[in-house]
Amino acid sequence: MPSALEDELFPSTPGKFKIERSHGMNRQFHRCFASTSTMFLWALFLIALTASYLSFQSFVDSGSRYFSASWGGIQWEKQVRNSAQIHRSGGMSVLVTGAAGFVGTHVSLALKKRGDGVVGIDNFNSYYDPSLKKARRSLLKSHGVFIVEGDINDNRLLDKLFDTVAFTHVMHLAAQAGVRYAMENPHSYVHSNIAGLVTLLEVCKTANPQPSIVWASSSSVYGLNDNVPFSESDRTDQPASLYAATKKAGEEITHTYNHIYGLSVTGLRFFTVYGPWGRPDMAYFSFTRNILQGKPITIYRGKNRVDLARDFTYIDDIVKGCLGSLDTSGKSTGSGGKKRGPAPYRIFNLGNTSPVTVPTLVSILERHLKMKAKKNFVDMPGNGDVPFTHANISLARREFGYKPTTDLQTGLRKFVRWYLSYYGYNHGKPLDRFIPNRSAMDFDFAHFMLTEAFKNKPPGPVELLPREFSSLPQDKQAKPRRHIPQTSERTLDAPDLVDDYYLNLLDWGSCNVIAIALANTVYLWDATNGSTSEVATFEDEVGPVTSVSWAPDGRHIAIGLDNSEVQLWDSTANKRLRTLRGCHRSRVGSIAWNNHILTTGGMDGCIVNNDVRVRSHIVETYRGHKQEVCGLKWSASGQQLASGGNDNLLPIWDRSVASSNSPTQWLHRLEDHTAAVKALAWCPFQGNLLASGGGGGDRCIKFWNTHTGACLNSVDTGSHVCALLWNKNERELLSSHGFTQNQLTLWKYPSMAKVAELTGHTSRVLYMAQSPVLDPAHNEET
Ligand SMILES: O=C(O)[C@H]1O[C@H](OP(=O)(O)OP(=O)(O)OC[C@H]2O[C@@H](n3ccc(=O)[nH]c3=O)[C@H](O)[C@@H]2O)[C@H](O)[C@@H](O)[C@H]1O
């Protein structure tokens, strides 16, 4: 990061402390790390390494936009290159635009799963709930796909991406979708579907090598065509909506680039795609939401009260079509911006070939949801709709064997299962208690399936994704047995580690460096090369250090101190950037980052959000604890904060709810624990699922739906719960404990069956941190 920018973002405040680089201290630290005669097991390391062995991944958002522009820099380039790496012979490296979109997510996953390199780009616009897009991003991230946040109109960003990776293919799915919304916001269609497309093509045309392009056109280009079924050779010059017109324009524009510059282009006319992780603006999705909420739905009818019909196509079939198109796309022929020969230009229908009327769609949903819809039939307004669509798919079948296999009944069943799992079900209550428009919540549904819905028969798997594209283990028999080591990979000595349950003295940063506070000093241990260094030693009137936390960039570190200050350090330059004062009246035992917001929890019971970019850094103060705050964790979306206290309380704070003027700022105040709450872990699969652990008199791990505040499950572990970590690859939770057994337990989730238990520690396992480095056995990154 350029230092000027750093200075701007971290105005350096003069402090009283000097960094004295003491050789003696370093030597001592070295000795600590090198020593094998451990009086005190460095439990953190042990667990971190155990966790690493179990192929845990980092919880840190590697797509950090922290401190700087949203793209660029060495770390960013590394993420892009890693994501683009090909893991099969003859594989491709694909830039997927609109990767956090519905089709983009599924296609990216499918490509990644078969060993292709994938880099996503998405602008996360708010056409529909961005938290759904972020949840999709998390899903992709857990599969090793990195999504760059940016707009396809940003040619500098696109240039940079092509400079960084020689993409062989572009799967262009970024678009302003929706037929009827074009009347509300016509310019967004021009911006994305025309200007954005041209920007992308301009970059592709000059890229060396030129990529082959497969992109999403639409069935809507057939407009008022009434030849049935629609064939690619039918006329497409009568669009009924601006959306359709921009897609049709896209077909013409791409043709031009194919003709002049030799770009290989394949346009796919998607027919009303639906399925899990779908688009909330589409009829099947919004109907589901309204039915569950008991709200009416509007069903349009055509002339003479004729039902409208669509060739609804299931997402799996579309994904197969996309991959088939990529595989057969043929090469672009241009170089240096000049055409060197003819390149393929193709257009295919990707439909289902069996149109279904909208009332039939509704009755299928009613069956799956076991609820009746309140239907209002109205004449189709002149807003861009067409009466029916019906695909002839023989061209795609001939070219790459495209053959849709999912009928609407089956596809909607899968969608409904996903919907319920994602948005959650408040079990034990009637169906109208569904919580709509909320972020991921699979645990509720799993619990419901286990306890309510399948009382008389075993539950089927909860399908978040089509099996073939999901790496979540669903077929137990096919899974190889995993070896769980009973001993640590490495044990390090940490003689001055303060044995204080309420502090947070260890963190593993995104650059694979562990920070640990030993009394008044913060040390670093680089897990990549085993080197150690000291960040800072604090004087007695300031220290000891009470908390450490890496910023998402893995370079900057926040250090909480006994005297109530918090300091920000640049670990690379070994330089203190600023000191935050006035947040607390006593020691700062917990810290959590949320991009540029540094949240601190004090012994005074206060939680303070600090914007580290500005001089007046305190932006919010949350008051809800009566005693020391010892656990702080932001959800992956950065929307919700969980805080645990010595007062046994676990409030959930929502950034949009918690205004300082409100007497009760919290979204929920969870009071079920009967001892201090320190261990907190947000589930990587379900955005609003939180695990929490209680200390001494409690010993329970509890699971919460943080949208509803419902306690979903509680398990008595028999020992104080010190720390919790979710496994990102498996549905598992790792817990570390104190009295009585000082054990580590790996739990299956959601059954909470014990997968493994490691005992033998002589002292409590106070902290756990997770390696950001993926398990090489999962062949992604070393
Ligand atoms: O294949 C495409 O090219 C497009 O497919 C999709 O458009 P559509 O086929 O219009 O899907 P969708 O909105 O689900 O409406 C479905 C039916 O429900 C009717 N409909 C809709 C809303 C409503 O409130 N009531 C209603 O009857 C409505 O009249 C229609 O008959 C994509 O959104 C679009 O981005 C594009 O990809």
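Helix H4 (residues 74–84) and helix H7 (residues 155–164) pack against each other at an angle of about 65°, and their axes lie 10 Å apart. The structure is a predicted model, so every value here is computed from it. Looking at how the two helices cross, the crossing of H4 and H7 turns out to be right-handed. On the H4 side, the residues that take part are Trp-76, Glu-77, Val-80 and Arg-81, and they meet Leu-157, Lys-160, Leu-161 and Thr-164 in H7. Sorted by class, this contact has four nonpolar residues, one polar residue and three charged ones.

Stepping back to the whole protein chain, there are 15 helices and 37 strands to keep track of. The chain has 782 residues, and 60% of them count as buried.

S1 covers residues 93–97, and five of its five residues are buried, which leaves the strand mostly covered. Which way do its residues point? Ser-93, Leu-95 and Thr-97 point one way, while Val-94 and Val-96 point the other way, and all of them are buried. So both faces of S1 carry buried residues, with buried meaning under 20% relative accessible area.

Strands of a sheet pair through backbone hydrogen bonds, and they can do so either parallel or antiparallel. With strand S2 (residues 117–122), S1 runs parallel, and five bridges join the two. One spot to look for in this pairing is Thr-97, which stands opposite Ile-121 in S2. To get from S1 to S2, the chain passes through helix H5 (residues 102–113), and this β-α-β crossover is right-handed. S1 also pairs in the parallel sense with strand S4 (residues 169–172), this time over four bridges.

An open sheet of four strands has the order S26-S27-S28-S29, and its pairing is antiparallel. Why is one side of S26 and of S29 left without a neighbour in the sheet? Strand S26 (629–634) and strand S29 (668–670) stand at the edges and each has a single partner strand, so one side of each stays without a neighbour. From one strand to the next, the twist of this sheet averages 20°. Within the sheet, strand S27 (residues 640–645) and strand S28 (residues 650–654) pair in the antiparallel sense over three bridges. Ala-642 has Ile-652 in S28 as its bridge partner.

There is also an open sheet of four strands with the order S30-S31-S32-S33, again with antiparallel pairing. Its edges are held by strand S30 (677–682) and strand S33 (710–716), each of which pairs on one side only. The twist in this sheet averages 20° from one strand to the next. Strand S31 (residues 689–694) and strand S32 (residues 700–705) run antiparallel and are joined by five bridges. In this pairing, Ala-691 stands opposite Phe-703 in S32.

Most residues other than glycine have a negative phi, and most peptide bonds are trans. The peptide bond from Val-228 to Pro-229, however, is cis, with omega near -10°. Pro-229 has its place in the loop between strand S5 (212–218) and helix H9 (242–261). A cis peptide bond also joins Gly-543 and Pro-544, where omega is about 5°. Pro-544 lies in the loop between strand S17 (532–537) and strand S18 (545–550).

As for phi, Trp-277 has a positive value of about 65° although it is not a glycine. This residue lies in the loop between strand S7 (273–274) and helix H10 (283–293). Is Trp-277 buried or exposed? Its relative accessibility is 3%, so Trp-277 counts as buried. Asn-595, a residue other than glycine, also shows a positive phi, near 55°. Its place is in the loop between strand S22 (588–594) and strand S23 (597–602). At 26% relative accessibility, Asn-595 counts as partly exposed.

Conventions. Residues numbered from 1 in each chain as written. Predicted model: local features only at pLDDT ≥ 70, side-chain atom pairs only at ≥ 80, totals over all residues. Heavy atoms only, no water. Buried < 20%, exposed > 50% of the residue type's maximum accessible area, 1.4 Å probe, protein only. Pairing = 2+ DSSP bridges. Right-handed = clockwise from strand over helix to strand, strands pointing away. Axes fitted to C-alpha atoms, helices over the stretch in contact; angles between N-to-C directions. Left-handed = near helix turned anticlockwise from the far one by under 90°. Contact = heavy atoms within 4.5 Å. Nonpolar A, V, L, I, M, F, W, Y, C, P; charged D, E, K, R; others polar.
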